[in-house]
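Please look through the sequence and the structure shown here before reading on.

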Amino acid sequence: QVEVPGASKIVVLVGPTGVGKTTTIAKLAAHFKLREGRRVGLVTTDTYRIAAIDQLKRYADILGSPLRVVGSPEDMRAAIKSMDDCEFVLIDTAGRSPNDSLKLNELKRFLQFAEPDEVHLVLSTTASQGCVELALEKFGEVRVDKLIFTKLDEAAQVGVVLNVVRKINKGLAYVTTGQDVPDDIEVGHGKRLAQMILGS
């Protein structure tokens with residue numbers, strides 16, 4: 001993908017509740033800011049969990065990155081516009097049950113106003129294959145460009161990741177392997193996953 005000078009790359013993370021989206025956003029923000037020296041802005045639509053906002057605010061303060069809390073889809077454009085000087089705008093969304101079509105439609109509206117470059121579906125490797133496939137189907141109806149798998153360090157079977165990646169035609173962007181920010185995240189390479197499955 002061609003980097004457009006002066007344009008922010010907008011990346012949204014979506015997914016079921018409890019998969020680790022907020023921690024993953026913090027890891028990505030820290031990686032881009034500390035390792036690549038990029039200017040990063042953070043947005044959250046997760047007004048349901050005060051703890052999620054507090055957690056992101058702490059990381060934003062540490063990184064010296066702006067944070068906007070967006071309560072409605074209509075407020076999204078102004079929040080992104082206020083971060084024109086950022087190279088990356090990372091957007092955290094509230095966890096959604098794949099069975100809650102009302103909340104998934106609301107998420108779709110947030111995405112329409114955000115006009116993101118990429119939407120990453122965050123899934124936990126500790127979930128059953130059935131749960132993962134249901135999430136892929138339902139969030140796929142909203143929009144999914146790439147996958148992020150979390151909690152590889154807790155997974156009994158990493159094979160579920162390979163099965164899913166093989167089944168659907170989406171790139172694996174990142175995997176996370178623990179709670180440490182910014183360390184426990186890496187680019188999702190098939191070779192690395194194979195090593196994990198073989199336990200090496």
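## A buried aromatic pair

In this predicted model, Phe32 has a relative accessibility of 9% and therefore counts as buried, since the cut-off for that term is under 20%. Phe88 is buried as well, with a relative accessible area of 5%.

A search of the whole structure finds one aromatic pair, and these two residues, Phe32 and Phe88, form it, with their rings stacked at 4.1 Å centre to centre and 5° between the planes. The pair links distant parts of the chain, because Phe32 belongs to helix α1 (residues 21–35) while Phe88 belongs to strand β4 (residues 88–92), 56 residues apart.

Strand β1, which covers residues 9–14, is mostly covered, with six of its six residues buried. Both of its faces are covered: Lys9, Val11 and Leu13 are buried on one side, and Ile10, Val12 and Val14 are buried on the other.

Strand β1 runs parallel to β4, to which five bridges join it, and within that pairing Leu13 has Asp92 of β4 as its bridge partner. Strand β1 also runs parallel to strand β5 (residues 118–124), here with four bridges between them, and the partner of Val11 in β5 is Glu118.

## Helix α4 and what covers it

Helix α4 spans residues 101–114, and its 14 residues reach 20 Å from the first C-alpha to the last, which is close to the 20 Å expected at 1.5 Å a residue. Leu104, Leu107, Phe110, Leu111, Phe113 and Ala114 are buried in this helix. An α-helix has 3.6 residues a turn, so residues three or four places apart point the same way.

The elements that cover the buried residues of α4 include β1, β4 and β5, together with α3 (76–81) and α5 (129–140). Helix α4 is followed by Glu115, whose phi is positive, near 45°.

## How α1 packs against α2

Two packed helices are described by the angle between their axes and the distance between the axes. For α1 and helix α2 (residues 50–63), that angle is about 10° and the axes are 10 Å apart. Angles under 35 degrees count as roughly parallel, and α1 and α2 are therefore roughly parallel to each other.

On the α1 side of this contact are Thr22, Thr23, Ile25, Ala26, Ala29, Ala30, Lys33 and Leu34, which meet Ala52, Gln55, Leu56, Tyr59 and Leu63 in α2.

Technical notes:
Residues numbered from 1 in each chain as written. Predicted model: local features only at pLDDT ≥ 70, side-chain atom pairs only at ≥ 80, totals over all residues. Heavy atoms only, no water. Phe/Tyr/Trp six-rings, centres within 6.5 Å; stacked < 30°, edge-to-face > 60°. Helix = DSSP H or I, 4+ residues; strand = E, 2+ residues; numbered from the N terminus. Buried < 20%, exposed > 50% of the residue type's maximum accessible area, 1.4 Å probe, protein only. Pairing = 2+ DSSP bridges. Expected span 1.5 Å × (residues − 1). Contact = heavy atoms within 4.5 Å. Axes fitted to C-alpha atoms, helices over the stretch in contact; angles between N-to-C directions. Parallel < 35°, antiparallel > 145°, perpendicular 65-115°, else oblique.
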